[in-house]
Amino acid sequence: MRTLTVEAADLAYRDGVPVLNDVTVEARPGELLAITGTSGAGKTTLLAAMAGLLRPAAGRILVDGGDLRDRDHGVTLGVVLIPQDNGLAAILTAEENITVAMIATGRTPPEARRGTTEALEKVGLATQGGQLIEELSGGQQQRTAIARGLALHGDILLADEVTSELDAANRQRVIDLLRAEATRGAAVVFATHDPEAAALCDHELHLAEGAAVQVR
């Protein structure tokens, strides 16, 4: 399994306005790291950099000591991102969204079908797999995106506000699934504004006013 390190990183978008400055944090195998902060604090920005979607203006993003070049490189290294907006194709079914992603990362069709079934069962959507994404509720779409992320079995799993639309029971289910990913050896990063969810993680990095503070 792999370690992801953010080393003295300044993060900004194309307009050059800095979002986060001098961020240092490490996501280690077997651990669940919470990234907390209010809306707009930079949680999504930090996860984008960790996934290889955003190159730091200064500092480095490292996977096992080597520079993370871009998103394609991240996929090759087993960095899985569950985005806040779910990133699902509305014209495909829940099953198809997961199966296509698994095949694209090297699984055979039979492996993808088995993995899809297992992942949907884990998030409580075993009977909704044949429905189009646009037919599902917001919470069901969110759980489908989580199922896709779980099915990819990444060495590093980045989950961005993945419990925001879930009721208490499903929120706990998802946190338990993220913990299970860490238990199997993945480095799991969970961006959340929910202090109760953050408290269940091993470590917490809090973002505020462009800075990051390691809480525990």
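Trainee: Which strand is Leu 33 found in?

Mentor: Leu 33 sits in strand S3, residues 32–36; strands are DSSP runs of E with at least two residues, helices are H or I runs with at least four, and both are numbered from the N terminus. Keep in mind that this is a predicted model, where local features need pLDDT of at least 70, side-chain atom pairs count only at pLDDT 80 or more, and totals for chains, interfaces and linings use all residues. Residues are numbered from 1 along each chain as its sequence is written, and side-chain values use heavy atoms, leaving out hydrogens and water.

Trainee: Why is Leu 33 called buried?

Mentor: Its relative accessible area is 3%, and buried means under 20% (exposed is over 50%, partly exposed in between, with a 1.4 Å probe and protein chains only). So Leu 33 counts as buried.

Trainee: What makes H3 and H5 roughly parallel?

Mentor: Helix H3 (residues 94–104) and helix H5 (residues 138–151) pack at about 25°. Angles under 35 degrees count as roughly parallel, over 145 as roughly antiparallel, 65 to 115 as roughly perpendicular, and the rest as oblique. H3 and H5 are therefore roughly parallel.

Trainee: Which residues make that contact?

Mentor: With contact meaning heavy atoms within 4.5 Å, H3 brings Ala 94, Asn 97, Ile 98, Ala 101 and Met 102, while H5 brings Thr 144, Ala 147, Arg 148 and Ala 151.

Trainee: What covers the buried residues of H3?

Mentor: The cover includes helix H4 (109–122) and H5. Among the buried residues of H3 are Ile 98 and Thr 99.

Methods. Axes fitted to C-alpha atoms, helices over the stretch in contact; angles between N-to-C directions.
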